[in-house]
Every structure is written in C-alpha cells, then in structure tokens.
Amino acid sequence: MKMTEQSRRQFLGGAAGLAAMAPSLAQAQLALPKAPVNLNIVDVAGNLALTQKAFEAYRRAKPGLVSRMTFTKAPAPELPGKIKAQQEAGRIDIDLVLTGTDALAAGMEQNLWVDLLTAHKAALPNLDAIYEKGAAMMQGLARGQGVVVAYYPSGPLLEYLPNQVPTPPGSLEELLAWAKAHPNKFMYARPANSGPGRTFIMGLPYILGDSNPKDPMKGWDKTWAYLKELGRYIEYYPTGTSAVMKEFGDGTRHIIATTTGWDINPRVLGVVPKEARIATLKDFRWVIDGQYMAIPKGLPNDKIAVLLDLMSFMLTKPAQAFTYDEGYLYPGPAVKDVPLSMAPPESQAAIAEFGRPEYAKLIADTPFELPLEPNQMVMAFRRWDEEIGRKA
C-alpha cells in the first residue's frame with residue numbers, strides 16, 4: 001500500500017501542528033535564542049530511518065527556532081573520539097547525537113554528554129509516566145546522559161533461509177555443531193558496531209548459565225569459551241550489520257545472528273529474501289535495546305534550550321508513530337499507547353506484509369533482560385576485539 005500525497009500531507013501536517021502547539025518546555029530552564037539556529041544531528045545507530053521525518057516536521061513548525069537541520073551518519077566507534085577532540089579544542093560542531101548503547105556508553109566513559117535529567121529535567125516530559133516498560137528500563141542505563149527515543153525487544157535471534165537450512169539449530173549446542181559441519185556459513189558482525197552482534201554475545205550468558213551475565217570480565221567464562229570455539233568456523237567478522245545482511249541475502253552465509261528489526265527491514269528493502277525465517281535458541285531471553293538522543297557538552301545554552309524543546313516533541317505520540325518505519329527497530333515506539341494504526345500508511349503496509357505474527361507471543365512470553373551497564377559494555381567490546389575479533 002503506497003501513501004498518497006494527500007495522506008502524506010495529512011500525516012506530516014498533524015505532526016507539525018503538534019510541534020507548533022507544544023509548549024516550549026526548555027524556556028523554563030534556559031532562554032531560547034533570539035534568532036533561529038542551525039542544528040547538526042549525527043546518527044551512529046541508523047536512527048534517522050525512524051526519526052528524520054519527525055525532526056523535519058519540527059523544523060517546519062518552528063522556523064523561529066531552527067533555520068536548518070543537517071543530518072550526517074558516522075560509525076559508532078569513531079564518534080566519541082571526534083567529539084572529545086572538538087571539546088578539547090573548544091569548537092564543538094555536533095549538536096545532537098542519535099546513538100545506541102555502544103557510543104552512548106563510550107561517551108559516558110569519557111564524560112562527553114550533558115547530564116539532561118540532572119540539569120534539565122523540568123524541560124523534558126515525565127519519562128517515567130510516558131515510557132513503555134522496556135523503554136523505561138533502557139532509560140535507566142543512560143544515567144540521565146541520554147533520552148530514549150526508540151525501543152525494541154531486540155534478540156538474540158537466528159535468521160535462515162529454509163531452502164538452505166531445512167532444520168535450523170534450536171540450541172547453542174546445535175548451532176555450534178551446525179557451524180562445525182558448515183564452516184564459514186554462520187556470521188555475526190563486530191559487537192561494538194552492530195546491534196545484532198552485541199545482542200548475540202549479551203544473550204549467551206543467560207542461555208549458557210554463566211555465573212554473572214552482567215559481568216563480562218569475571219562472569220562470562222562459558223560465553224567466552226563458546227565464542228572462541230564458534231569462531232573457529234566463522235570466516236571473518238564484518239564491521240557492521242549491513243555487510244552481514246548483504247552476504248546472507250546473496251547466499252554466502254546461511255545462518256546469521258539477527259534481531260526483530262534487522263529481520264523485518266532488510267526483507268522490506270529486498271536485501272534479504274522475503275522467505276527468510278527466524279529461529280530462537282532454547283532458554284533464550286530478550287536482551288532489550290534502545291536508541292537515545294544525547295547532547296555533547298560545550299554547546300551554548302540557547303542552543304541547548306532548542307534541543308530540549310526538540311527532544312520533548314520527539315517524545316510526543318505523533319512523532320513516536322514514525323518510529324515504526326518499515327520495521328527497522330520493530331516495534332519502535334518508546335512511548336506508551338502508540339499503536340501501529342497511528343503510523344504512516346507505508347509503515348502499516350510494510351509490517352502487515354513482512355512482520356511476523358509469532359513476535360507478539362514471543363514478546364509476551366519471554367523474559368526481558370537489560371543489556372550490560374555502559375562501563376561493562378565497553379569492557380565486553382574490548383575483550384571481544386582482543387580475544388575473538390582478532391583471530392584472523
């Protein structure tokens with residue numbers, strides 16, 4: 001189902017109208033600028049696929065605050081160093097970062113982010129009241145230095161093509177045996193720059209019964225041993241998830257680690273065949289995930305005031321409805337009571353065709369677990385890079 005030009009205008013107009021009517025919450029804390037500002041928004045999580053239309057609706061509705069928005073994308077591992085260098089030089093030109101837990105954690109370790117909920121809580125909505133349960137859990141990980149803008153149960157899941165894998169592995173033991181019998185046919189990407197990659201490794205301690213799933217340095221003995229053994233049958237680890245999907249889609253790999261969104265969206269886009277299926281592993285738990293808005297330190301107060309007002313708009317229901325997108329972070333909305341029926345028509349059509357009915361039951365029946373704390377995640381990434389990723 002294609003969105004007509006009239007329905008597109010109606011949907012975008014509704015979101016823009018809400019932005020125009022929304023109170024300037026930031027004004028209570030910081031003075032807004034006397035002239036409109038340019039905003040440079042950097043995405044290291046693929047979040048713009050979910051949110052760019054809502055950002056642009058805000059800009060159109062508030063030309064007195066924002067004259068132009070520039071959207072750029074960057075690899076998550078590279079951004080914290082770039083921001084740090086700009087801050088040390090006193091010339092920060094990045095206004096808002098859209099990030100997953102990876103760059104957020106690295107930035108927290110280096111003290112890069114504005115503490116939003118300590119300094120500017122009154123300028124934002126009551127997050128505890130508006131968030132879905134899982135999104136509220138993810139918000140706690142940010143320690144006030146980011147605000148959840150999109151959320152999903154994530155994984156870990158396996159994805160396979162039934163013509164290549166008639167009977168998929170149903171347990172980690174079966175996955176290892178399959179990988180040994182089919183060398184170089186299983187793949188996942190470097191966890192530091194891949195949602196499915198990090199979800200896969202964070203899910204293993206629960207399945208394997210490790211001593212402390214929240215401590216990758218002292219509590220993951222079984223997990224590290226398993227990853228090393230599995231790595232014997234993995235040709236290499238791509239730097240990002242897109243490369244995994246491409247190799248899976250062209251038949252080079254037969255089973256990959258995936259998540260709900262990375263299952264649905266590449267099939268919508270035609271990168272992965274529509275007939276691909278997902279499988280779960282015995283005793284798996286959802287390792288939930290989310291994406292955040294974060295503000296680097298060093299910006300002038302009037303620009304921060306605009307960014308807080310923008311963040312407040314991005315957490316309204318009409319803006320959140322955009323996050324269904326084409327299943328990229330399925331479901332997507334971090335805020336309660338945003339049904340698929342509120343999403344743009346093309347989002348509704350894509351999920352109707354490529355979504356999976358089994359997800360509703362899996363989400364309802366399977367326990368949720370938080371990803372690692374930011375400092376633990378950084379240590380897990382380093383250890384994986386040193387002990388697993390360096391194997392080649």
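Start with helices α9 and α10, which are oblique to each other. The model you have open is a predicted one.

**Stop 1: the helix pair**

Select residues 195-208 for α9 and residues 221-231 for α10. Their axes lie 9 Å apart, and the packing angle is about 120°. The crossing is right-handed.

Now show side chains. From α9, pick F200, I201, L204, P205 and L208. From α10, pick K222, T223, Y226, L227 and L230. Together these residues make the contact. By class, eight are nonpolar, one is polar and one is charged.

**Stop 2: the sheet**

Move to the open sheet of four strands. Which order do the strands follow? Read across and you find β6-β7-β5-β8, with mixed pairing. Select 186-187 for β6 and 277-279 for β8. These are the edge strands, and each pairs on one side only.

Next, select residues 157-160, which form β5. β5 runs antiparallel to β8, and three bridges join the two. Zoom in on L158: opposite this residue stands A279 of β8.

**Stop 3: the helix across the sheet**

Select residues 260-269, helix α12. This helix lies across β5, β7 (255-258) and β8. Relative to β5, α12 runs at about 25°.

Is α12 mostly covered or mostly open? It is mostly covered, with nine of its 10 residues buried. Among them are W262, I264, P266 and V268. D263 and R267 are also buried.

Definitions and conventions:
Residues are numbered from 1 along each chain as its sequence is written. This is a predicted model: local features need pLDDT of at least 70, side-chain atom pairs count only at pLDDT 80 or more; totals for chains, interfaces and linings use all residues. Side-chain values use heavy atoms; hydrogens and water are left out. Two strands pair if DSSP finds at least two bridges between them. Contact means heavy atoms within 4.5 Å. Axes are lines fitted to C-alpha atoms, for helices over the stretch in contact, and angles run from 0 to 180 degrees between N-to-C directions. Buried means under 20% relative accessible area, exposed over 50%, partly exposed in between (1.4 Å probe, protein chains only). Angles under 35 degrees count as roughly parallel, over 145 as roughly antiparallel, 65 to 115 as roughly perpendicular and the rest as oblique. A crossing is left-handed if the near helix is turned anticlockwise from the far one by less than a right angle, and right-handed if clockwise. Ala, Val, Leu, Ile, Met, Phe, Trp, Tyr, Cys and Pro count as nonpolar, Asp, Glu, Lys and Arg as charged, and the others, Gly among them, as polar.
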